[in-house]
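Hi,

Here is the structure I said I would pass on. Have a look at it first, and then read my notes below.

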Amino acid sequence: MSSHDSEVYTVAPEMPAMFDGVKLAAVATVLYIIVRCLNLKSPTAPPDLIYQDTALNRFLLKSCPLLTKEYIPPLLWGKSGHLQTALYGKMGRVSSPHPNGHRKYLPMHDGATATFDLFEPLADHQTGDDVTMVICPGIGNHSEKHYIRTFVDYSQKQGYRCAVLNHLGALPNIELTSPRMFTYGCTWEFAAMVGYIRKAYPQTQLIVVGFSLGGNIVCKYLGESRANQERVLCCVSVCQGYSALRAQETFLQWDQFRRFYNFLMADNMKKIILSHRDMLFGAFSSKISDIDLSKLYTATSLMQIDDNIMRKFHGHNSLKEYYEKESCVHYIHNVNVPLLLVNSADDPLVHDSLLTIPRTLAEKKENVIFALTLHGGHLGFFEGAVLFPQPLTWMDKVIVGYANAICQWLKQKPACQNGQSSEKQCPQS
């Protein structure tokens, strides 16, 4: 027998067809989870707008086309409200600029020291007027946050002066000078900043802007007194929840992982509070005890921190009283200047039930436009082609576009009433 004949050939057994089916099923399952988690099948759409049909609102929507065009987030991840929110929370913005400003210190009546950063315009405003954006950031935020820096830089280049409030206790290198820090709805520091701007720039007009918690503060401030609305051209609020009392129940729910976000924000608040431990819990403070401090260490939600610490800064007797007194829902109906309220339907922090507040307001008051985007998360609103977001967001451009339209309307209106402008230039009723 030849050596060739003696060779033994073995044939590998074929894989069972069922095994290939399992692999295909596993791949399909993974793809399904990715599609669901990234919300890839969700369409893009223009914001859902609620407003009354007035000459001003028609002019604003025509002059700020972003409000009526599709908002298109980055293709691969931008339709996930969680990823939009996470990217905002972790990075703030991409390639954030570094605007140059001057820090101002304002002594308060209770010994606290409010601070804000002032940024001068980098170009002439399109109307030739002096216009200042007075800006209130989100919870525990300040002028050094990336999303604030991006917005300020863009606004400066559009001819706006910017004043950005630093929430009391939020800046890591600024010590408290009294046993009090920022709360959900205290307007004292924002009012002090606006008062300074009004006095330092008697010819300037104001655009009021609030992000998240800052949106609650600015709307409450404007609604507290008619005098607070003097020289205010308009107000823009982005991603606020309107009522802390209604929101507290939703923050304990696990849908949209809201309870997890609650834990993360509570942990951040603990760090801010404990960084001022000596002033808030030491000999200077008579409102907060050692027992409150021990409860702070074990707190896992914002509500626990608010009940044991935050409400006591202003002497509220209960958490319910604190939330009722500090929520803008009880003041916002008094705001009579043009008001743009922006929220996102996939914001994991703001439950859909809270959006009945701006909807109802826009249906009742002709000065209000409520814009609800399909995507954007919480203060995300990133734009981009496939993967990488652009430095400037839809949110930044909408706020400035709306402000520009308001300024243009007010600039044209007197001339139109006096017959000094052409029919084409004048807003039509």
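What follows is a short tour of what turned up, from the whole chain down to single residues.

Please keep in mind that this is a predicted model. Across the protein chain the pLDDT averages 89, and 86% of the residues score at least 70. The stretch to be careful with is residues 418-425, where pLDDT stays under 50. For those residues the model has six contacts beyond four places in sequence. Where pLDDT is low, the predicted coordinates should not be read in detail.

Now the overall picture. The protein chain holds 15 helices and nine strands. Of its 429 residues, 53% are buried. Taking the contacts with a separation of 6 or more, 78% are between residues 24 or more positions apart.

On to the cores. The largest nonpolar core has 75 residues, and M181, F190 and I273 are the ones with the most contacts inside it. Helix α9, residues 258-274, gives the most to this core, with seven residues. At least three residues of the core come from each of domain 1 (40-243 + 331-410) and domain 2 (253-326). Apart from this core lies another one, of 49 residues, with V131, M133, F381 and I406 among them.

Beyond four places in sequence, I273 is in contact with M181, L280, F281, L296, I305, I309 and M310.

Helix α9 also carries K270. Is K270 buried or exposed? Its relative accessible area is 13%, and because the cut-off for buried is under 20%, K270 counts as buried. Not counting residues up to four places away in sequence, K270 touches L296, Y297, A299 and I305.

N228 sits in the loop between α7 (213-224) and β7 (232-238). Leaving out neighbours within four places in sequence, N228 is in contact with R198, Y221 and L222. The C-alpha atoms of N228 and V335 are 9.5 Å apart, although the two are 107 residues apart along the chain.

Next, some backbone angles. Most residues other than glycine have a negative phi. F257 has a positive phi of about 60° without being a glycine; F257 is in the loop between α8 (244-250) and α9. F381 also has a positive phi, near 55°. F381 lies in the loop between β9 (368-373) and α15 (394-417). With a relative accessible area of 0%, F381 is buried, and F381 is among the residues of the 49-residue core.

How many cavities of 30 Å³ or more does the structure hold? There are two. The largest cavity has about 80 Å³ of space. Its lining is made up of T113, T115, N166, H167, L168, G169, A170, L171, I174, E175, L176 and T177.

That is the tour; happy browsing!

Best wishes

Methods. Residues numbered from 1 in each chain as written. Predicted model: local features only at pLDDT ≥ 70, side-chain atom pairs only at ≥ 80, totals over all residues. Heavy atoms only, no water. Helix = DSSP H or I, 4+ residues; strand = E, 2+ residues; numbered from the N terminus. Contact = heavy atoms within 4.5 Å. Core = buried A, V, L, I, M, F, W, Y, C linked by side-chain atoms within 4.5 Å. Buried < 20%, exposed > 50% of the residue type's maximum accessible area, 1.4 Å probe, protein only. Domains from an automatic or database assignment. pLDDT = per-residue confidence, 0-100. 1 Å grid on protein atoms, 1.4 Å probe; cavity = no way out; pocket = protein on both sides within 12 Å on 5 of 7 lines; lining within 4 Å. Points joined across faces, edges and corners; volume = space filled by probe spheres on them.
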